[in-house]
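Thanks for coming. Please have the structure open.

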Amino acid sequence: MVIIIIDCKEGDFFMNSDQLKQFKAIAECGSITKASEKLYITQPALSMALSRLEEELARPLFLRDGRRLVITQDGEKLLYYANMVCDALERAEDYFRVKEYSQLIKLYRIGGTAINLLTEGCYHLPDYRINCVLLKNSDVPKIVGSGIADLVVSDERYMNLAMHKFVEKEFLYHQQLMLCVDKDDPLARYDVMDVKDLEEITMVGRVSPIGFNDWLNDIKADNRVEFNEEINIDNMTYFAERDKLPWPYLMSSFGIGTARGKEYFEKRKLIRITGEYTERDIYLYWNGRNRKNLNPMISLIKDNAKRILALDEGV
């Protein structure tokens with residue numbers, strides 16, 4: 001149900017979408033009796049709802065002519081808006097309605113893979129639904145080994161520990177750990193830094209215990225380093241406030257050329273970080289038995305990866 005707030009002289013009036021649907025039905029049927037049958041509600045309940053609506057609006061919406069209802073000028077005005085609101089709601093419901101015969105695709109992915117970019121358009125594919133689940137890196141072998149995943153976006157580090165015999169894969173992109181600094185920062189003179197040098201730098205960290213941090217935690221364990229994080233922020237705060245952040249921060253090389261990042265990263269220096277597991281190849285894995293059913297989704301994800309890589313080259 002949608003709530004609509006109308007600013008009246010007497011104060012704010014709250015109108016909901018159900019009231020508009022009921023009013024619209026009465027106007028179209030010209031009768032409360034016929035409208036109640038159309039809406040599958042009782043006639044007294046619909047009559048009371050109309051009376052309450054007219055009372056709240058402080059003006060009549062219909063004139064009673066025997067058994068027939070004649071819409072007033074104010075009623076015509078409200079009907080105009082009711083048609084727009086109801087039409088928008090119907091289109092939204094149709095767009096997001098889950099069809100009984102649609103195929104559910106279970107997509108599992110490790111953190112830091114920019115899944116929102118890779119799956120762009122996938123939620124709009126006809127006859128498909130996606131359940132996208134973020135995994136801890138260490139849970140990948142268990143999920144893949146169980147055979148419940150239709151698609152997995154991951155690197156080979158954990159996938160190789162429990163490869164399902166029906167799993168096939170395709171390369172999506174190469175991912176590099178980068179340090180992002182302001183071009184006025186003294187660190188901007190470097191093109192490459194060793195991961196162990198990051199222990200001497202004050203940086204911004206991420207709040208999430210999984211996701212991108214899962215990759216960073218593996219990097220820290222492999223290289224026996226710790227990062228000096230001045231503050232830890234969530235992704236929403238990061239994208240809202242990153243222009244104001246004075247500290248460097250770690251990020252992925254994938255997706256820097258998209259609309260959200262291109263202009264921003266043109267003002268900053270990206271330094272390549274070297275060390276154990278600071279770069280990795282990201283693959284799309286799937287159950288080979290379902291290749292035919294998964295083809296539209298697989299093709300779209302692969303096309304998205306190619307498109308984003310082409311954008312990244314321009315930064």
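Start with Lys136, which counts as partly exposed because its relative accessibility is 34%. The cut-offs here are under 20% relative accessible area for buried, over 50% for exposed, and partly exposed in between, with a 1.4 Å probe and protein chains only.

Some ground rules. This is a predicted model, where local features need pLDDT of at least 70, side-chain atom pairs count only at pLDDT 80 or more, and totals for chains, interfaces and linings use all residues. Residues are numbered from 1 along each chain as its sequence is written, and side-chain values use heavy atoms, with hydrogens and water left out.

What does the side chain of Lys136 meet in a salt bridge? Its partner is Asp214, at 3.7 Å from N to O. By salt bridge I mean a side-chain nitrogen of Lys or Arg within 4 Å of a carboxyl oxygen of Asp or Glu. This pair links distant parts of the chain: Lys136 is in the loop between β6 (128-135) and α6 (140-146), while Asp214 is in helix α8 (residues 212-223), 78 residues apart. Helices (H or I, at least four residues) and strands (E, at least two) are DSSP runs, numbered from the N terminus. Is Asp214 buried or exposed? Asp214 is buried, as its relative accessible area is 7%.

Lys142 is exposed, since its relative accessibility is 57%; Asp139 has a relative accessible area of 25%, so Asp139 is partly exposed.

Next come Arg157 and Asp222, whose side chains meet in a salt bridge at 2.7 Å, N to O. Here too the pair links distant parts of the chain, with Arg157 in helix α7 (residues 156-159) and Asp222 in helix α8, 65 residues apart. Both ends are partly exposed: Arg157 has a relative accessible area of 30%, and Asp222 has 33%.

Salt bridges with shared partners also join Lys24, Glu28 and Lys38 into one network. To place Lys24, take Tyr80: their C-alpha atoms are separated by 9.3 Å, and the two residues are 56 apart along the chain. Tyr80 lies in helix α4 (residues 73-96) and is partly exposed, given a relative accessible area of 48%.
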